[in-house]
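Take a look at the picture first, then read on.

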Amino acid sequence: MKATQLLRQYRSGILDFSGASLHSAHLEAADLTRINLSQSDLSNADFNDVDLSGACLQQANLTNASLIGASLVGANLSEVNLIGAYLECIVQSLLPSGDRTLIYAVVEHGEVLDT
């Protein structure tokens, strides 16, 4: 799927893009609140300044993705692959849930070297 196709469908009200292949997509500064990108290939994608508030990125592959300035407030990041992704988060709040913790954070800049 191309970034332009995803944006067009998202703007028409479609939110479920689970399993989408967006390898190396350029989505800089897009508003993708509440989008479902679970189990999607987002490797090498440009998510700089993207609003992913409330998005579902569960089990997504974000290897080597760039998330500078992206907002992930309330996003589901369980089992996300962030190896090599470029990001730094400011934690807004933490919510313990059993043996895991839900983290509300805003990505500012930085880089993940190992997970």
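What follows goes from the overall layout to the helix, the core and a few loop residues.

This is a predicted model, in which local features need pLDDT of at least 70 and side-chain atom pairs count only at pLDDT 80 or more, while totals for chains, interfaces and linings use all residues. Numbering starts from 1 along each chain as its sequence is written, and side-chain values use heavy atoms, with hydrogens and water left out.

**The layout**

Let's start with confidence. The protein has a mean pLDDT of 85, and 82% of its residues reach 70 or more; pLDDT is the predictor's confidence in each residue, from 0 to 100. Among the elements, H1 has the highest mean pLDDT (94), while strand E2 (residues 100–107) has the lowest (67).

The secondary structure comes to one helix and two strands, and from the N terminus on the order is α-β-β. Helices (H or I, at least four residues) and strands (E, at least two) are DSSP runs, numbered from the N terminus.

How much of the protein is buried? Of the 115 residues, 40% are buried. Buried here means under 20% relative accessible area, exposed means over 50%, and partly exposed is in between (1.4 Å probe, protein chains only). As for contacts between residues at least 6 apart in sequence, 14% join residues at least 24 apart; a contact means heavy atoms within 4.5 Å.

**The helix**

Which residues of H1 are buried? They are Ala3, Leu6, Leu7 and Tyr10. Seen down the axis of H1, the buried residues fall within an arc of 95°, so they line one face of the helix. That arc is taken from the directions from the helix axis to the C-beta atoms. Here's the background: an α-helix has 3.6 residues a turn, so residues three or four places apart point the same way. Turned away from the buried side is a face with the exposed residues Thr4 and Arg8. Just after H1, Gly13 takes a positive phi of about 105°.

**The core**

The largest nonpolar core has 30 residues, and those with the most contacts inside it are Leu6, Leu27, Leu32, Ile35, Phe47 and Leu52. Such a core is a set of buried Ala, Val, Leu, Ile, Met, Phe, Trp, Tyr and Cys residues joined through side-chain atoms within 4.5 Å. Leaving aside residues up to four places away in sequence, Leu6 touches Met1, Phe17, Leu22, Leu27, Leu32, Ile35 and Leu37.

**Residues in the loop**

The loop between helix H1 (3–11) and strand E1 (89–97) holds Ser66.

| Residue | Relative accessible area |
|---|---|
| Ala25 | 7% |
| Ser66 | 18% |
| Ser71 | 17% |

Two of these residues make polar contacts: the side chain of Ser66 pairs with that of Asn48 at 2.6 Å, and the side chains of Ser71 and Ser53 are joined at 3.2 Å. A polar contact is a pair of N or O atoms within 3.5 Å; within protein, one must be able to donate a hydrogen and the other to accept it, and residues adjacent in sequence count only if both atoms are side-chain atoms.

Ala25 touches Ala3, Ala45 and Asp46, not counting residues up to four places away in sequence.
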